[in-house]
Amino acid sequence: MRPADVRYTKEHEWIRIENGEGVVGITDFAAGELGDIVYIELPEVGRRLRAGEAFGTIETVKAVEEVYAPVTGEVIDVNPALADTPQRVNEDPFGDGWLLRMTVEQVDEAELLSAQEYADVLGEDA
């Protein structure tokens, strides 16, 4: 079950927005499709991101995939635990497997999906 308090992108990222800050990660669907994650490259704190811009990569035993910013803002923190245990993203993509925190300067609501809209994109029930 996907959390209803986050917004989703068609590229399988999610963001939970609280008090002008957002926590960003990839969805359970993306984590499952990628398989066992072995390395994650995240941006430096202070980097400005534009919505839709690639900000890092996730490496698995079979592929390397880019991760995209769901909103415009500045990186204020990255998940330090992922340096040693990137598999946290596979185990808990909406919790301990978060990727980064960022300020939220601009949100394109048309590009962010509710849990039901994201399930519809995947052809699933919410």
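1. Basis. The model is predicted: local features need pLDDT of at least 70 and side-chain atom pairs count only at pLDDT 80 or more, while totals for chains, interfaces and linings use all residues. Residues are numbered from 1 along each chain as its sequence is written, and side-chain values use heavy atoms, with hydrogens and water left out.

2. Fold. The protein chain has three helices and nine strands, in the order β-β-β-α-β-β-β-β-β-α-β-α from the N terminus. Helices (H or I, at least four residues) and strands (E, at least two) are DSSP runs, numbered from the N terminus.

3. Overall dimensions. The radius of gyration is 13 Å, close to the 14 Å that the globule rule gives for 126 residues, so the protein chain is as compact as a globular protein of that length. That radius is taken over C-alpha atoms, and the rule is 2.2 Å times the number of residues to the power 0.38. Along the principal axes, the C-alpha atoms fill a box of roughly 35 × 35 × 20 Å.

4. Of the 126 residues, 41% count as buried (under 20% relative accessible area; exposed is over 50%, partly exposed in between; 1.4 Å probe, protein chains only). Among contacts (heavy atoms within 4.5 Å) with a separation of 6 or more, 59% join residues 24 or more positions apart.

5. Largest pocket. A pocket is an open set of points on a 1 Å grid over the protein atoms alone, where a 1.4 Å probe fits, with protein on both sides within 12 Å along at least five of seven lines; lining residues have an atom within 4 Å of a point. The largest pocket holds about 210 Å³ of space. Its lining has 13 residues, and the closest to its centre are Glu-11, His-12, Ala-30, Glu-65 and Glu-66. Helix H1 (28-34) and strand S7 (64-68) each give two or more residues to this lining.

6. Second largest pocket. Its volume (the space filled by probe spheres set on the points, with grid points joined across faces, edges and corners) is about 150 Å³. The lining includes Lys-10, Glu-11, Glu-13, Tyr-68, Asp-108 and Glu-111.

7. Asp-28. This residue lies in helix H1 and is partly exposed, with a relative accessible area of 29%. Not counting residues up to four places away in sequence, Asp-28 touches Arg-2, Pro-93 and Phe-94. Asp-28 and Ser-114 are 86 residues apart in sequence and 15 Å apart in space, C-alpha to C-alpha.
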